[in-house]
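Subject: Handing over the structure

Dear colleague,

I am passing this structure on to you, and below it I have set out what was found in it. Please read the notes with the structure open beside them.

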Amino acid sequence: MFKKLFGALTGDKQENQNYETQTSNDNYENNYEDNYQEVEYDPETLHGTHYTVEDFDNEVAERAEAWIADERASGENLDEKDIQNIYFNYRRTVYTEWNNCDSDQMIRFEHANSLKYTGVQTSGFVKADDNNPFLEPVHGVDLRTYTAMCLKISAGIDYLEVCKAMGFEPAVWEELNTIWPQRMGEDTSFTVTTLFGQYYAENVTVPQLENLKAEISEEGAANLERIKSDRYFYEELAGARQAAYEYGIDGAQWILENFGINLADFQSVAMQWMTEQNQNWNSADITEFHDYQQQKQKEYAAKFAAEQGGNIADDVNF
Amino acid sequence: MFGLFKKSKDSQNGESTPEWYSELQENQQRWFAFLEKLEAKMEEFATAAIPELKEIMQSDDDIYKRTFHRVYSGVNGQLNNIREKARDVYEEKVHDVYYNFNSQISVLSKHHDLLSDFRSACSDRYNEFENKYDYWRKQIDKTQERDLETEYQKILDEYEAIKNKFNCTQCGGNIVIEKIFLIQTYITCPYCQTQNTFAPSTLGRNLQNIARNLAEQRTAHMYEAYEAEKDKERDLYHQRHELSLSIIHEKDKKVLHEVQLKMDDLEEQRQFAIKNAPKLHQEYLRAMYDELNKITPDLKEHNEKMYQNQLQYL
Amino acid sequence: MEEKKVNSFLNRLKENAQKQTNYGGEMEITEAKINAKDCPNCGAGRAKQDGLTHCAYCGFEFFNIKLTDGVYIKKEDNSI
């Protein structure tokens with residue numbers, strides 16, 4: 001269940017990231033001079049403060065509409081998607097021009113405004129809005145509390161214990177655990193899913209659940225601290241986990257047995273790094289961490305292969 | 001004209017071939033042999049693994065089939081390993097070698113063809129390998145298919161068997177389970193009004209997990225019809241394009257006219273397919289969600305919201 | 001000889017997969033069952049007329065949340 005949710009969550013983002021890394025790499029060579037004019041950015045919208053958002057939107061619309069009119073005049077048949085793409089591209093152009101910025105700053109800007117411009121949320125930028133019907137509490141339990149319960153359960157605490165601490169019967173939990181995932185599916189802006197992920201990354205808790213602690217060994221606690229602070233160590237374990245699956249080993253269980261970190265904590269840290277990455281977009285770092293994870297995955301794969309008597313095609317050589 | 005022909009013939013005889021050509025030939029030969037061995041390995045492994053996987057799928061009584069998924073993931077891991085092996089060797093022995101020579105040999109050189117032929121022969125062979133990989137990958141994917149009709153029938157049978165067998169914990173009066181409950185629920189005793197908690201069995205709870213796949217399986221023929229209609233567009237476009245190429249040098253007006261008629265007909269069919277595909281898609285979705293509502297009527301409200309969302313993306 | 005490598009690999013893979021512990025432990029296979037909660041305060045059975053959240057007899061609070069319209073539990077199930 002949680003794995004599935006996270007699959008959708010991180011899977012989606014992964015695709016997004018690849019796309020964005022690629023596009024930002026295109027511009028990579030044309031690195032801007034370090035001494036470019038310092039621009040002050042609005043902390044919320046990441047727009048430069050030397051113009052208004054309205055001016056920006058107007059400029060984009062003007063250029064986009066001119067292009068669309070041109071295309072139509074030459075007989076092109078534009079559908080909704082084409083038009084969205086045209087706007088998307090002009091937004092990038094105008095933003096880069098007006099702020100004289102590099103592609104990483106532009107992507108950070110896109111993340112901060114993804115709901116406004118594309119209708120889809122980006123992790124690290126969602127705020128709970130009381131008027132959103134998708135966020136209305138279910139049986140008095142809001143998304144934050146639901147996430148806190150999920151965290152305890154995937155950390156290995158019996159759901160009956162969690163219900164008891166919350167003061168309600170399992171029947172209520174089963175309703176929550178049906179309806180919140182349903183809402184995640186229904187909400188096409190992904191606000192519910194993304195906010196769930198953000199809470200997960202924050203490892204949220206509520207007063208009722210504070211006394212419920214999953215068992216963690218001393219070594220596990222130390223490893224957990226380390227994957228939180230040392231991105232390379234996190235990438236190593238993420239690579240190892242992936243390699244484990246490729247050799248028929250349940251990666252979540254393997255991490256628990258060998259490093260003492262449970263699935264909830266591991267996923268939470270994964271979300272933390274992802275959110276951090278979205279907020280401080282830097283394509284050079286992303287490539288670096290990605291390559292490092294690949295390299296570690298290979299090393300662990302070799303180890304798992306050796307334990308299973310080698311890969312079946314080891315004797316086939318060029 | 002004749003001179004050119006003679007030279008290329010010479011080069012094939014090996015008389016005037018440059019010395020690097022032997023390296024290319026050797027690499028090509030080895031590359032072909034290497035892939036052949038990998039393909040044999042892949043086939044041998046997959047044919048041994050598929051019946052095993054099917055058997056584990058049957059015997060794994062875990063509701064999530066976790067043992068099956070571990071083995072399945074390990075089998076795919078080996079297939080991936082073989083594929084990566086091919087990719088690494090391709091990079092080193094074909095791609096890099098090609099670019100290395102390409103930077104030294106002018107495109108205008110009479111021997112440049114040897115180099116491009118080397119690359120296209122090797123990459124064609126590589127595609128062939130990739131196709132085989134895809135084929136085995138699909139065969140292995142198929143072992144994931146579960147007999148959902150049988151699983152569904154078991155749930156229905158269990159419901160029939162238990163629906164009248166419960167009594168109120170307070171007064172002992174008979175409590176009828178009126179439908180398949182997906183999760184825990186409160187049922188009021190009709191005699192003493194006590195709230196009893198009913199918890200469905202593991203089997204019954206699984207209905208929620210299999211419902212969507214079952215509905216999709218039952219309407220798969222409609223999905224295929226939609227996919228086929230969607231593919232028609234490209235297909236008809238290419239047919240028309242071929243025809244248009246065939247008359248580039250045609251002078252006979254009668255022939256031109258006939259071909260033009262055929263082309264118009266193809267275009268008409270194509271336009272129809274473009275309009276018809278989304279219709280078929282919607283018909284499929286409606287049928288699939290109807291089926292889903294039949295399987296899990298209690299989730300109808302949610303199912304319909306999902307349907308409305310999907311309509312937006314047609 | 002070749003045949004052997006593939007088979008021994010598969011056997012090892014199968015063996016390892018079977019002996020691994022599932023994350024979160026084994027799923028307990030349970031039958032459908034029914035039970036009822038007596039009020040821990042007055043000992044009465046939980047009765048319908050006054051909803052799910054409080055005891056119909058002594059008013060003891062079974063759970064302290066406000067029920068909304070869910071899958072099976074509805075707003076009306078709040079005790080008045």
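This is a predicted model: local features need pLDDT of at least 70, side-chain atom pairs count only at pLDDT 80 or more; totals for chains, interfaces and linings use all residues.

Helices (H or I, at least four residues) and strands (E, at least two) are DSSP runs, numbered from the N terminus. Counted in this way, chain C comes to 1 helix and 1 strand. Residues are numbered from 1 along each chain as its sequence is written, and chains are lettered from A and ligands numbered from 1 in the order in which they are written.

Chain C

The C-alpha trace of chain C spans about 80 × 30 × 20 Å along its principal axes. Its radius of gyration (taken over C-alpha atoms) is 25 Å, whereas a compact globule of 80 residues would have a value near 12 Å; the globule rule is 2.2 Å times the number of residues to the power 0.38. Of the 80 residues in chain C, 20% are buried, where a residue is buried if 20 or more other C-beta atoms lie within 10 Å of its own, exposed if 12 or fewer, and partly exposed in between, with C-beta atoms placed from the backbone. Two residues are in contact if their C-beta atoms, placed from the backbone, lie within 7 Å, and among the contacts in chain C with a separation of 6 or more, 21% are between residues 24 or more positions apart.

One residue to look for is B:F198, which stands opposite B:T185 and has C:I34 as its bridge partner in β1(C).

Two residues with positive phi

Most residues other than glycine have a negative phi. The strands β3(B) and β4(B) form a hairpin with 6 residues between them, and B:Q193 in the turn has a positive phi of about 65°. B:Q193 counts as partly exposed because 17 other C-beta atoms lie within 10 Å. In chain A, the phi of A:N203 is near 55°, a positive value in a residue other than glycine, and A:N203 is placed in the loop between α9 (191–202) and α10 (218–229). With 18 other C-beta atoms within 10 Å, A:N203 is partly exposed.

Chain A has 14 helices and 0 strands, and 37% of its 318 residues count as buried. Among its contacts between residues at least 6 apart in sequence, 74% join residues at least 24 apart.

A nonpolar core is a set of buried Ala, Val, Leu, Ile, Met, Phe, Trp, Tyr and Cys residues joined through C-beta atoms within 7 Å. The largest such core has 61 residues, and those with the most contacts inside it are A:I255 and A:F304. Helix α6 (residues 143–154) of chain A gives the most to this core, with 7 residues. Leaving aside neighbours within four places in sequence, A:I255 is in contact with A:L237, A:R241, A:I261 and A:F266. A second, separate core of 36 residues includes B:L38, B:M42, B:Y72 and B:V94.

Where chain A meets chain B

Here 20 residues of chain A are in contact with 27 residues of chain B. On the side of chain A that touches chain B, the elements giving two or more residues are α8 (170–186) and α11 (231–246), and the largest share, 8 residues, comes from α8(A).

With best wishes

Conventions:
Two strands pair if DSSP finds at least two bridges between them.
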